[in-house]
Amino acid sequence: MQLTREEKEMLEGRHGNAVKKSMEILVALGEIYGAKRLIPVKTVQISGVSYDNLGDAGLEFLAEMAKDGKVRVPTTLNPAGMDLENWKVLGIPEDFAKKQKMVIDAFAKMGVTTTCTCTPYLVGNRPDVGSHIAWGESSAVTFANSVLGARTNKEGGPSTIAAALTGLTPEYGLHLDENRKPRVLVEVNSELDGIVDFGALGKVVGEATRGKIPLLKGIVHAAEDEMKALSASIVTYNGAPLFHVEGITPERVDEPDEKILVAKSDIEKAISEMNDGVDDVDFVFIGCPHCSIDELKKISELLGGKRAGKEFWIGVARPIKEESDRLGYTKIIEAAGAKFACDTCHVVAPLKGRFKAIATNSAKGVYYGRNKNGFKTYFGTLKECIGMAVK
Amino acid sequence: MMELKGRKICAGKASGEAIVSSEGVSFYGGVDPDTGVVVEKGHPLEGKSIAGKVLVFPQGKGSTVGSYTMYRLAKNRKAPAAIINKECETIVAVGAIISGIPCVDRIDISRLKDGVNVEVDAEKGMVRVD
């Protein structure tokens with residue numbers, strides 16, 4: 001890999017230890033994946049933020065990097081293991097909270113904007129078409145590549161930190177035109193309405209394409225929240241972190257030869273596979289990925305005047321919650337007994353074994369509810385999930 | 001003596017007894033970070049310790065959090081002395097770098113057997129077997 005004079009100096013340690021370590025990571029990845037050079041990134045989204053995933057080892061590494069590392073480009077964080085303010089109400093243990101705060105403090109010391117969300121694109125970290133970025137969270141990566149037309153590989157925690165502290169990433173994979181072409185055409189012969197349908201489509205396409213970039217045809221309309229759900233689901237169920245939708249996503253692509261068909265029965269089958277047949281739940285989670293302000297409006301309309309008897313969390317980025325405060329949705333939602341879980345979600349919070357069954361409208365939420373937390377799952381629309389909450 | 005030439009992933013020299021896995025290794029959830037013992041059910045190395053050994057396997061697998069598990073192993077002095085891969089990927093490469101574990105890849109690992117003494121000079125991409 002060709003390095004500039006400044007990059008060589010960074011690698012030799014003349015910009016400090018954290019930059020040196022960062023360059024070692026970026027150069028090694030560049031060599032492994034055949035990059036010819038490093039390229040500047042516009043923004044970074046760091047993954048590996050929850051103490052539940054990091055453990056003491058991760059925390060030690062962050063503290064080490066924070067000694068002399070400072071971010072060179074705008075950088076936000078993936079969800080943490082708890083609401084950073086409201087963690088007690090959510091039943092998070094005190095010792096966990098202490099460690100989680102140490103993680104956030106280390107990032108703050110590096111100059112990271114410590115907004116913890118899987119939807120950075122809803123809170124100002126929204127790169128435009130063709131921008132090179134280095135993001136870590138898989139649904140955010142997929143949304144950025146597919147819906148925004150920005151360019152990022154699916155980075156791991158340390159490589160996002162390395163990108164933030166240097167402003168650079170190796171140019172390989174999805175940064176290059178030739179690797180962004182679709183390899184399989186997916187003809188969708190089913191009407192799709194709402195994020196349950198789009199989540200189910202993501203599961204069908206992810207499992208059928210297994211890492212091959214798809215071009216989806218036949219989708220007439222998709223709201224941004226629906227694209228958010230599709231992005232999260234497709235990559236969770238083994239799809240590539242980039243998809244194209246004819247007439248909707250910004251990149252112009254040629255049709256590939258290989259073709260698969262998706263029928264209404266495939267969507268229905270996926271929805272049924274994500275349901276464990278439970279008729280009651282003890283936990284409801286909405287906001288995977290984190291809710292938009294429009295979703296909060298819908299929740300307030302459906303939940304207003306009712307009473308949620310179940311533990312009911314709403315995952316959201318803190319700035320969106322603040323908008324909801326101002327618009328009056330928060331008051332209505334909390335009066336009904338639901339709790340805001342800012343900065344976090346059920347995927348990264350320490351919830352294993354705490355509940356028996358979860359209701360969610362997120363296909364990704366089903367996967368992690370089952371596999372990480374050991375919950376039975378109820379997968380239904382927002383209205384149906386709220387029905388379970390007030391049952 | 002046999003010499004194999006591969007590619008540097010993380011510089012450094014080390015030697016030790018080889019522990020060879022025919023299957024990929026997942027550090028996150030697959031290796032106990034406090035003991036260095038492989039705990040993945042049904043794994044060829046299940047129950048064996050990788051601490052202080054030259055760990056030979058085709059490729060890393062599983063969660064990217066595995067890089068941090070390698071760092072934790074190193075802090076606990078339970079990390080492998082060196083790592084030899086057929087083809088290295090992100091998790092192991094990053095884990096080796098942040099933990100300072102010498103690592104080489106593009107080695108014909110079928111020529112390495114359990115228990116032999118292996119010397120790794122990662123800077124040169126060299127593996128020597130006694």
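Read along the sequence, chain B runs β-β-β-β-α-β-α-β-β-β, which amounts to two helices and eight strands. Helices here are DSSP runs of H or I with at least four residues, strands are runs of E with at least two, and both are numbered from the N terminus.

A word on conventions: this is a predicted model, in which local features need pLDDT of at least 70 and side-chain atom pairs count only at pLDDT 80 or more, while totals for chains, interfaces and linings use all residues. Residues are numbered from 1 along each chain as its sequence is written, and chains are lettered from A, with ligands numbered from 1, in the order in which they are written.

**Chain B as a whole**

Here are some overall values for chain B.

| Property of chain B | Value |
|---|---|
| C-alpha span along principal axes | about 35 × 25 × 25 Å |
| Buried share of the 130 residues | 47% of residues |
| Contacts joining residues at least 24 apart, among those at least 6 apart in sequence | 71% of contacts |

A residue is buried if 20 or more other C-beta atoms lie within 10 Å of its own, with C-beta atoms placed from the backbone. Two residues are in contact if their C-beta atoms, placed likewise, lie within 7 Å.

Why does the radius of gyration of chain B agree with a compact globule? With 130 residues, such a globule would have a value near 14 Å, and chain B has 13 Å. The radius is taken over C-alpha atoms, and the rule is 2.2 Å times the number of residues to the power 0.38.

**The nonpolar core**

A nonpolar core is a set of buried Ala, Val, Leu, Ile, Met, Phe, Trp, Tyr and Cys residues joined through C-beta atoms within 7 Å. The largest one has 169 residues, and those touching the most other members are A:Leu201, A:Val284, A:Ile314, B:Ile84, B:Ala93, B:Ala96 and B:Cys103. Helix α2 (residues 17-32) of chain A gives the most to this core, with nine residues.

Leaving aside residues up to four places away in sequence, B:Cys103 touches B:Ile9, B:Cys10, B:Ala82, B:Ile83, B:Cys88, B:Val92, B:Ala96 and B:Ala122.

**Where the chains meet**

The contact takes 19 residues from chain A and 18 residues from chain B. On the side of chain A, the elements giving two or more residues are α2, α3 (51-66) and α6, with α3(A) giving the most, eight residues.

Helix α6 (residues 157-166) of chain A is largely enclosed by the rest of the structure, because ten of its ten residues are buried. Among them are A:Gly157, A:Ile161 and A:Thr166. After α6(A) comes A:Gly167, with a positive phi near 75°.

Note on methods: A residue is buried if 20 or more other C-beta atoms lie within 10 Å of its own, exposed if 12 or fewer, and partly exposed in between; C-beta atoms are placed from the backbone.
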